[in-house]
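Dear colleague,

Please find below the structure that I am handing over to you. The notes that follow it set out what was found.

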Amino acid sequence: MEKNVGQIDRILRFLLGIFLVWFGVFILNGKEGGVIGILVAITSLMPFYMAFTRSCFVFRWFKIHSLSKKECEMQGEPYQKSEN
């Protein structure tokens, strides 16, 4: 799996995940069994997953990344063309 999510993007995705959990559980009453709140809290797993794996499937579709120049130097460009 290609790492295409940079450090700043990872932090923002993690914070978005925390916000969605909070919003779903406390604001939309997920803790009391509110269906929409539970769905929002479950949906928050996607930003957490992308933050921890450093991979975003949407970025992969469009062949873009949010890696800084320093991160690209350390681990290489995520979408290099093969020389066949």
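**Findings**

At 36% relative accessibility, N29 counts as partly exposed. This residue belongs to the loop between α1 and α2. Although N29 is not a glycine, its phi is positive, at about 60°. Most residues other than glycine have a negative phi. Please bear in mind throughout that the model is a predicted one.

R54 is located in the loop between α3 and α4 (57-62), and its relative accessible area of 29% makes it partly exposed.

**Helix packing**

Two packed helices are described by the angle between their axes and the distance between the axes.

How do α1 and α2 run relative to each other, parallel or antiparallel? The axes of α1 and helix α2 (residues 35-43) cross at roughly 165° and come within 7 Å. Because angles over 145 degrees count as roughly antiparallel, α1 is roughly antiparallel to α2. The crossing in which α1 passes α2 is left-handed. On the α1 side, L20, V21, F23, G24 and V25 take part, and they meet G37, V40 and A41 in α2.

Helix α1 also packs with α3. Here the axes come within 8 Å and the crossing angle is roughly 155°; α1 and α3 are therefore roughly antiparallel to each other. This crossing, too, is left-handed as α1 passes α3. From α1 the contact involves R10, R13, F14, L16, G17, I18, L20 and V21, and from α3 it involves P47, F48, M50, A51 and F52.

**Aromatic residues**

A pair of aromatic rings is described by the distance of the centres and the angle of the planes. How many aromatic pairs does a search of the whole structure find? The search finds six.

One of these pairs is F14 with F48. The ring centres of F14 and F48 are 5.3 Å apart and their planes stand at 70°, so the pair is edge-to-face; angles over 60 degrees count as such. F14 is part of helix α1 (residues 7-27), while F48 is part of helix α3 (residues 45-53), so the pair ties together parts that are 34 residues apart in sequence. F14 is partly exposed at 33% relative accessibility, whereas F48, with a relative accessible area of 17%, is buried.

Another pair is that of F19 and W22. The centres of these two rings are 5.8 Å apart and the planes are at 40°, so the pair is tilted. Both F19 and W22 lie in helix α1, where three residues, about one turn of the helix, separate them. F19 is partly exposed, with a relative accessible area of 41%, and W22 is also partly exposed, at 41% relative accessibility.

F14 and F48 form one aromatic cluster together with F52. F52 is placed in helix α3 and is exposed, having a relative accessible area of 58%. The C-alpha atoms of F52 and I11 are separated by 9.8 Å, and these residues are 41 residues apart along the chain.

**R13 and its surroundings**

Where does the charged end of R13 sit? It is over the ring of F59, 5.1 Å from the ring centre. R13 lies in helix α1 and is buried, with a relative accessible area of 12%. Apart from its neighbours within four places in sequence, R13 has contacts with V5, P47, M50, A51, C56 and F59. P47, M50 and A51 belong to the α3 side of the contact between α1 and α3, to which R13 contributes from α1.

**The segment after α5**

Finally, P78 is located in the segment after α5 (69-75). Is P78 buried or exposed? With a relative accessible area of 12%, P78 is buried. Neighbours within four places in sequence aside, P78 is in contact with E2, K3, N4, H65 and L67. P78 and I64, which are 14 residues apart along the chain, have their C-alpha atoms separated by 8.5 Å.

Yours sincerely

Methods:
Residues are numbered from 1 along each chain as its sequence is written. This is a predicted model: local features need pLDDT of at least 70, side-chain atom pairs count only at pLDDT 80 or more; totals for chains, interfaces and linings use all residues. Side-chain values use heavy atoms; hydrogens and water are left out. Rings of Phe, Tyr and Trp (its six-membered ring) pair if their centres lie within 6.5 Å; planes under 30 degrees apart count as stacked, over 60 as edge-to-face and the rest as tilted. Helices (H or I, at least four residues) and strands (E, at least two) are DSSP runs, numbered from the N terminus. Buried means under 20% relative accessible area, exposed over 50%, partly exposed in between (1.4 Å probe, protein chains only). A charge sits over a ring if NZ of Lys or CZ of Arg is within 6 Å of the ring centre and within 35 degrees of the ring normal. Axes are lines fitted to C-alpha atoms, for helices over the stretch in contact, and angles run from 0 to 180 degrees between N-to-C directions. Angles under 35 degrees count as roughly parallel, over 145 as roughly antiparallel, 65 to 115 as roughly perpendicular and the rest as oblique. A crossing is left-handed if the near helix is turned anticlockwise from the far one by less than a right angle, and right-handed if clockwise. Contact means heavy atoms within 4.5 Å.
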